[in-house]
Amino acid sequence: MSEDITSLIKENVIQGRVTADDEGMDEGLVGQPGVTELVEQALADGVSVADIINKGLTAGMSVVGEKFEAKEYFIPDMLASAEAVGNAMEILEPYLTQSGISAKGTILVATVKGDLHDIGKNIVSILLRGAGYIVKDLGNDVEPQAIVEAVRAEKPQFLGLSALLTSTMVHMGETIQALKDNDLRDSVKVVIGGAPVSEDFARSIGADGYGADGFQAVAVVESLSAA
Ligand code: B12
């Protein structure tokens, strides 16, 4: 029974269906419960939060990631699935502390100064939340000094920086320098991403890691956690 509902959640994440009103990738699904209704149902049935996340949401997003890499799914498809997972995580958040799943760590995320692109950062945040991290989102167009103050106040294990413009990626290096100037660089692992940046660029500014997409973002944070 629990297997059935978690499989349904997985299937509906793949379909990108937040609620029963959503069409999804295939036709004829309107009216059938979407991810949020299924998650509510699973909780009412006593399915564990860990099973809902691992066998439903995360398993569904893994398939979405494979389909995205195979060019079978495109960005709007990935966004629909990410939105479904994000909505589900909002429902589950209050249960996470009660269920014995302790958060793996805290991550601050921000799109750097001068840059308003936040879709990629938001996807990364949702996937990191789905993987069990507490994500605090500082928003977009965030000054290096504001990031420094947030790191000082929140004491996160990780800082994720996003930039989509060649003119703003320079502020990633400035942010790392500002952390050094404030004696905070060693307190936090810095991971960067965004279309114009690369592994080489990450190395050149002294970041700890780089992720090309949301799934790599999770993988790099996991690998730095284990290091
Ligand atoms: C949507 C969009 C906008 C929207 C942004 C809306 C929003 N809320 O984000 C709006 C309309 C506001 C916009 C404005 C501008 N844009 Co624009 N925009 C885009 C567009 C079409 C899509 C970007 C996007 O969302 N991609 C989808 C997401 C999912 O991908 P992503 O951001 O790369 O994120 C993934 C990875 O990079 C990675 N990732 C991202 N962040 C992080 C962080 C970490 C820590 C990790 C590990 C990984 C990671 O994981 C994400 C998920 O897989 C791109 C073109 C393109 N095809 O990329 C242009 C683009 C980025 N924009 C561009 C430009 C020039 C502008 C403007 C200057 C236009 C103008 N003249 O006004 C302004 C700048 C505004 C500003 N100050 O920021 C250029 C940039 C060129 C350059 N090399 O600098 C692009 C490339 C278009 C082009 N070909 O010219 N834009």
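Trainee: At what angle do helix α6 and helix α7 pack, and how far apart are their axes?

Mentor: Happy to start there. Two packed helices are described by the angle between their axes and by the distance between those axes. In this predicted model, helix α6 (residues 144-154) packs against helix α7 (residues 170-181) at about 45 degrees, and the axes lie 9 Å apart. That angle makes α6 oblique to α7. The crossing of α6 past α7 is right-handed.

Trainee: Which residues of α6 and α7 meet?

Mentor: From α6 you will find Pro144, Ile147, Val148 and Val151, and they meet Glu174, Thr175, Ala178 and Leu179 of α7. Sorted by class, this contact has 6 nonpolar residues, 1 polar and 1 charged.

Trainee: Let's move to α3 and α4. How are these helices oriented to each other?

Mentor: Use the angle again. Helix α3 (residues 49-69) and helix α4 (residues 75-96) pack at about 165 degrees, with 11 Å between their axes. Angles over 145 degrees count as roughly antiparallel, and α3 and α4 are therefore roughly antiparallel to each other. Here α3 passes α4 in a left-handed crossing.

Trainee: How does α2 pack on α3?

Mentor: Helix α2 (residues 35-44) and α3 make an angle of about 145 degrees, and their axes are 10 Å apart. The crossing of α2 past α3 is right-handed. Val35, Val39, Ala42 and Leu43 of α2 make this contact with Val49, Ile52 and Leu57 of α3. By class, it has 7 nonpolar residues, with no polar and no charged ones.

Trainee: Now the ligand. Which residues come nearest to it?

Mentor: Begin with the surrounding shell, then look at individual atoms. There are 27 residues around the ligand, and Leu116, His117, Asp118, Ser162 and Thr166 come nearest. By class, the shell divides into 14 nonpolar, 10 polar and 3 charged residues.

Trainee: Which helices and strands each supply at least two residues of that shell?

Mentor: They are α4, α5 (119-130), β3 (158-162), β4 (189-193) and α9 (214-226). The largest share, 4 residues, comes from α5.

Trainee: What distances separate backbone N or O atoms of Gly114 and Ile119 from ligand atoms?

Mentor: For Gly114, a backbone N or O atom lies 3.0 Å from a nitrogen atom of the ligand. For Ile119, the backbone N or O atom is 3.4 Å from a ligand oxygen atom.

Terms used: Residues numbered from 1 in each chain as written. Predicted model: local features only at pLDDT ≥ 70, side-chain atom pairs only at ≥ 80, totals over all residues. Heavy atoms only, no water. Axes fitted to C-alpha atoms, helices over the stretch in contact; angles between N-to-C directions. Parallel < 35°, antiparallel > 145°, perpendicular 65-115°, else oblique. Left-handed = near helix turned anticlockwise from the far one by under 90°. Near = heavy atom within 4 Å. Polar contact = N/O pair within 3.5 Å; in protein donor to acceptor, adjacent residues only side chain to side chain. Nonpolar A, V, L, I, M, F, W, Y, C, P; charged D, E, K, R; others polar. Contact = heavy atoms within 4.5 Å.
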